[in-house]
Amino acid sequence: MDAASPGAASTVSRLEARVAELEAALRQSEARAGEARFRSLVQTAASIILVLGEDGRVQEANREAERAFGIGDGGAIGRHWTEVMGGRPTGAFAAQLAIAGEGTEIRNFEQALREQDGMSERVFLWNLNRLPEADGVPPGILCVGQDITRRKRAELDLRQARDELEMRVAERTRALMQEIQERRRAEQALIQAKEQAELANRAKSEFLANMSHELRTPLNAIIGFSSMMESEIVGPLGHPKYLDYAKVIGKSGQHLLAVISDILDVAKIEAGKLEMHPQPMDVRDAVESSLLLIAERAEESGLVLTQDIAPDTPHLLGDPVRVKQILLNLLSNAVKFTPAGGRIALRVRPDAGRILIEIADTGIGMNAEGIAVALQPFGQVDSQLSRRSGGTGLGLPLVRSFVDLLNGTLDIRSREGEGTTVSVRLPVAPRYDGE
């Protein structure tokens, strides 16, 4: 038993040594398998992975690194990183490598590299970390990067587009501000012009009103004394011609007084001071008195004057003085612009809840432009008759203003060479109990 002990001990020692060898081999095998798996992961990684030695030479490079820098399979190993990347040994990347070599982790460092054409550049984003010495492997620097050239170009395009948009917005804003200022200046100028026009209009209206009053006083005396002379109230005039002169003076004074009255009415209308006194009235009274005043002129001009008032015509709501003035102005225009042998018809009838007054003539007529001119104060349509008959051009404008103030409507239909029809519609007077 004792003799066999040394042999047994030797066998145990050999077995233990063998077991240790097997365990070491197993660990080496596992380490190689792990390294193989790590290398496989590194090779298939989407990021650029480089391991640089302390001398700056490439110890490891994955496929993405070789593809990014245009190097064949395994062509980067052993070459200096400046040859692989094309960077400068004194550039920013070299400075970051020096910092990482001292043990400081570098994250998100952007490296710009010029392309071979010298016109464009590529941009890489790097994370750098020092690898310590292990298992006899010297220390190095692990470089993990991404090619972010497309992203940077997109950011640049976006920034340029944003800057361009901001520039356009700024330009448009300046243009709008300038336009607003110009509009404000224009509005201010318009307001000032409007105020000046209103002041001038008021001054004109006041002047016309004052002048009209000043002229009417002596005119009334002229008309009155000419009437007395025509009637020979205080005795005979002597020569028969004096009687004719007195008639001419009277007619001229009455015409001038009518003109001044029209001007005064226009001034009052423009100043908003013309008063209306609407009341129920029989239109027949206004028609008869107007025809009586115009009949002599119509006969002297060789015109046929007719009237037609519907029996069922009710009372209208209007100012008797202004309604009569409307009829006189329209009839006077019809007489003035109708050649000898023509006809003038005055018709009155109910129409859709209103009273329609129509004055139709077979005169020279007007086109649309002429109607627009005739409705303007002091506007006169150019024609031989108008030049021969004269006038102030206030008849139709006054008629339109009076009709508007009486809540009525005015319509003019006319054709050159055929005649004119003026239609005035005025409100019907309301019925009262017992009427």
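Start by selecting alanine 352, which lies in the loop between β9 (343–351) and β10 (354–361). Helices (H or I, at least four residues) and strands (E, at least two) are DSSP runs, numbered from the N terminus. Before going on, keep in mind that this is a predicted model: local features need pLDDT of at least 70, side-chain atom pairs count only at pLDDT 80 or more, and totals for chains, interfaces and linings use all residues. Residues are numbered from 1 along each chain as its sequence is written, and side-chain values use heavy atoms, with hydrogens and water left out.

Still on alanine 352, check the backbone: phi is near 50°, a positive value in a residue other than glycine. Most residues other than glycine have a negative phi. Is alanine 352 buried or exposed? Alanine 352 counts as exposed because its relative accessibility is 79% (buried means under 20% relative accessible area, exposed over 50%, partly exposed in between, with a 1.4 Å probe and protein chains only).

β9 and β10 run antiparallel, joined by eight bridges. Zoom in on alanine 345 and you'll find it opposite alanine 360 in β10.

Next, bring up the whole sheet. Five strands form an open sheet in the order β7-β9-β10-β12-β11, with mixed pairing; two strands pair if DSSP finds at least two bridges between them. At the edges sit β7 (304–309) and β11, each pairing on one side only. Direction ignored, neighbouring strands here are turned by 10° against each other on average.

Asparagine 407 isn't a glycine, yet has a positive phi of about 60°. With 55% relative accessibility, asparagine 407 counts as exposed.

Finally, zoom out. The protein has eleven helices and twelve strands, and buried residues make up 32% of its 435 residues.

Definitions and conventions:
Axes fitted to C-alpha atoms, helices over the stretch in contact; angles between N-to-C directions.
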